[in-house]
Amino acid sequence: MQQEAIWVLINVAFGTSSQAYTIVSAGGVEKLLRLMKSSDDKIANQSAWVLANLCGEGQLFRDFLLDADVVEVLVEILSKKNLNLNYLRSIVWLALNISR
């Protein structure tokens, strides 16, 4: 069920800016950052994907993620040795979107 809920958030984050903002205003960023640390690779990967979509919406969203310590979470995750390749791709995509 959690995986399906995150999949919905991926689509919302990929929608309009106002739709993406609903995730931010509902406290979704902090929850997604926690889920990026999940032991379930699919949950962690999809959470990173949502955040990457949000970053792609523009500077306001990037700044919000930066204020929520997304970089610290990325560093913590990247320090792990055995990351799933798909998850690593999502993390790199997120990092690229943050740096734009």
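**The loop and its surroundings**

Guide: The loop between helix H5 (59–67) and helix H6 (70–78) contains Asp69. This is a predicted model, and the angles and areas that follow are computed from it. Phi of Asp69 is near 70°, a positive value in a residue other than glycine. Most residues other than glycine have a negative phi. Asp69 has a relative accessible area of 40%. Because buried means under 20% and exposed means over 50%, Asp69 is therefore classed as partly exposed.

Next comes the nonpolar surface. Leu78, Leu85, Leu88, Val92 and Leu96 make up a nonpolar patch on the surface, and their accessible area together is about 420 Å². Helix H7 (residues 85–98) supplies four residues, the largest share of the patch. Leu96 is one of the residues in helix H7.

Searching the whole structure gives one aromatic pair. It is formed by Trp7 and Trp49, whose ring centres are 5.3 Å apart and whose planes are at 75°, so the pair is edge-to-face; the cut-off for that class is over 60 degrees. Trp7 belongs to helix H1 (residues 2–13) and Trp49 to helix H4 (residues 41–55), so the contact ties together parts that are 42 residues apart in sequence. Trp7 is partly exposed, at a relative accessible area of 40%. Trp49 is also partly exposed, with 30% relative accessibility.

Definitions and conventions:
Residues numbered from 1 in each chain as written. Predicted model: local features only at pLDDT ≥ 70, side-chain atom pairs only at ≥ 80, totals over all residues. Heavy atoms only, no water. Patch = residues over 30% accessible without salt bridge, like charges linked within 9 Å, V, L, I, M, F, W, Y side chains within 5 Å. Areas by Shrake-Rupley, 256 points an atom, 1.4 Å probe, with all protein chains shown as cover. Salt bridge = Lys/Arg side-chain N within 4 Å of Asp/Glu carboxyl O. Helix = DSSP H or I, 4+ residues; strand = E, 2+ residues; numbered from the N terminus. Buried < 20%, exposed > 50% of the residue type's maximum accessible area, 1.4 Å probe, protein only. Phe/Tyr/Trp six-rings, centres within 6.5 Å; stacked < 30°, edge-to-face > 60°.
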